[in-house]
Amino acid sequence: MTGDDGLGRPQLPRAVAGLIIGAIALASAAALVYPALGDRLRGTDRPTGVGVIRRDIEVPEAAGRIGAKAPDFEWNAPGGATRTLGDLRGKTVVINFWATWCVPCREEMPALEKAAAAAPDVTVLAVDLMEDGERVRGFFESLGLTRLQPLLDTNGSVARRYAVFSLPTTFFVGPDGVIRDVHVGGPMTAET
């Protein structure tokens with residue numbers, strides 16, 4: 001029996017309402033975990049090779065400008081580990097914001113790959129703006145990009161924290177975690 005809520009509207013039995021709420025919670029959890037698990041859930045052994053940004057991390061005095069601490073964020077790495085930008089302290093990091101639909105972004109990716117290969121001690125994070133992992137992985141495979149670490153900024157929160165208003169935009173972060181240079185527009189050359 002369903003009963004009513006006193007206003008003439010029918011109510012669901014508690015068991016049915018519990019099942020619906022449980023299904024919603026399970027679907028929400030799966031949506032968060034699925035991108036990190038990638039192809040393993042789709043029946044293949046090859047990982048997606050694309051990390052997924054999970055959350056922003058508050059850092060005092062962080063801002064997307066030269067001379068400020070780089071805003072920190074956490075992501076699920078393709079192997080399942082959780083990483084943060086702070087984990088890379090002590091290394092030079094290049095953070096390139098891009099998208100597959102951005103023509104200058106596509107044109108500069110081979111130059112970024114060449115620069116990353118020439119400087120193996122530099123970490124290059126290729127932060128894709130709000131696209132899916134399949135599209136990004138396909139793009140990387142089509143160009144043979146292996147030195148760049150692709151990350152998905154699925155809701156654009158990291159791009160907003162860095163005040164990215166144009167693609168491509170590239171931040172050069174020193175080993176101390178401070179932004180040393182910003183390059184807006186493109187395509188960049190390997191020398192840049």
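Modeller: Let's start with terms: helices (H or I, at least four residues) and strands (E, at least two) are DSSP runs, numbered from the N terminus. On that basis the chain has 4 helices and 8 strands, and from the N terminus on its elements run α-β-β-β-β-α-β-α-β-α-β-β. This is a predicted model, in which local features need pLDDT of at least 70, side-chain atom pairs count only at pLDDT 80 or more, and totals for chains, interfaces and linings use all residues. Residues are numbered from 1 along each chain as its sequence is written, and side-chain values use heavy atoms, with hydrogens and water left out.

Biologist: Thanks! What is the mean pLDDT of the chain, and where does pLDDT stay under 50?

Modeller: pLDDT is the predictor's confidence in each residue, from 0 to 100. Its mean over the chain is 83, with 77% of the residues at 70 or more. Over residues 32–47 pLDDT stays under 50, and the model has 21 contacts beyond four places in sequence for that stretch. Where pLDDT is low, the predicted coordinates should not be read in detail.

Biologist: Now the sheet. What is the order of its 8 strands?

Modeller: The sheet is open, ordered E3-E2-E1-E6-E5-E4-E7-E8, with mixed pairing. Two strands pair if DSSP finds at least two bridges between them.

Biologist: Why do E3 and E8 stand at the edges?

Modeller: Strand E3 (82–84) and strand E8 (179–184) each have a single partner strand, so one side of each has no neighbour in the sheet. On average, neighbouring strands of this sheet are turned by 25 degrees against each other, direction ignored; such angles run from 0 to 180 degrees between N-to-C directions, with axes fitted to C-alpha atoms, for helices over the stretch in contact.

Biologist: Why is E4 described as largely enclosed?

Modeller: Buried means under 20% relative accessible area, exposed over 50%, and partly exposed in between (1.4 Å probe, protein chains only). In E4, 6 of the 7 residues are buried, so the strand is largely enclosed by the rest of the structure.

Biologist: Which elements does helix H2 lie across?

Modeller: H2 (residues 103–118) lies across E4, E5 (122–129) and E7, at about 165 degrees to E4. Helix H3 (residues 133–143) also packs on the sheet, touching E4, E5 and E6 (149–153), and makes about 155 degrees with E6.

Biologist: Why does Glu74 count as buried?

Modeller: Its relative accessibility is 10%, so Glu74 falls under the 20% limit and counts as buried. Glu74 lies in strand E2 (residues 72–76). Contact means heavy atoms within 4.5 Å, and Glu74 touches residues including Ile53, Arg55, Thr82 and Thr84.

Biologist: What makes Cys102 and Cys105 a disulfide, and why is it given a hand?

Modeller: A disulfide is a pair of cysteine sulfur atoms within 2.5 Å. The sulfur atoms of Cys102 and Cys105 are 2.3 Å apart, so the pair qualifies. The torsion about their S-S bond is about 75 degrees, so the disulfide is right-handed. The structure holds 1 disulfide.

Biologist: Last one: which residues have the most contacts inside the largest nonpolar core?

Modeller: A nonpolar core is a set of buried Ala, Val, Leu, Ile, Met, Phe, Trp, Tyr and Cys residues joined through side-chain atoms within 4.5 Å. The largest has 41 residues, and those with the most contacts inside it are Phe73, Leu85, Ile95, Phe97, Leu125, Leu148 and Tyr162. E4 gives the most to this core, with 5 residues.

Biologist: And why is Leu148 called buried?

Modeller: Its relative accessible area is 4%, so Leu148 is under the 20% limit. Leu148 sits in the loop between H3 and E6, and among its contacts beyond four places in sequence are Met109, Leu112, Val124 and Phe140.
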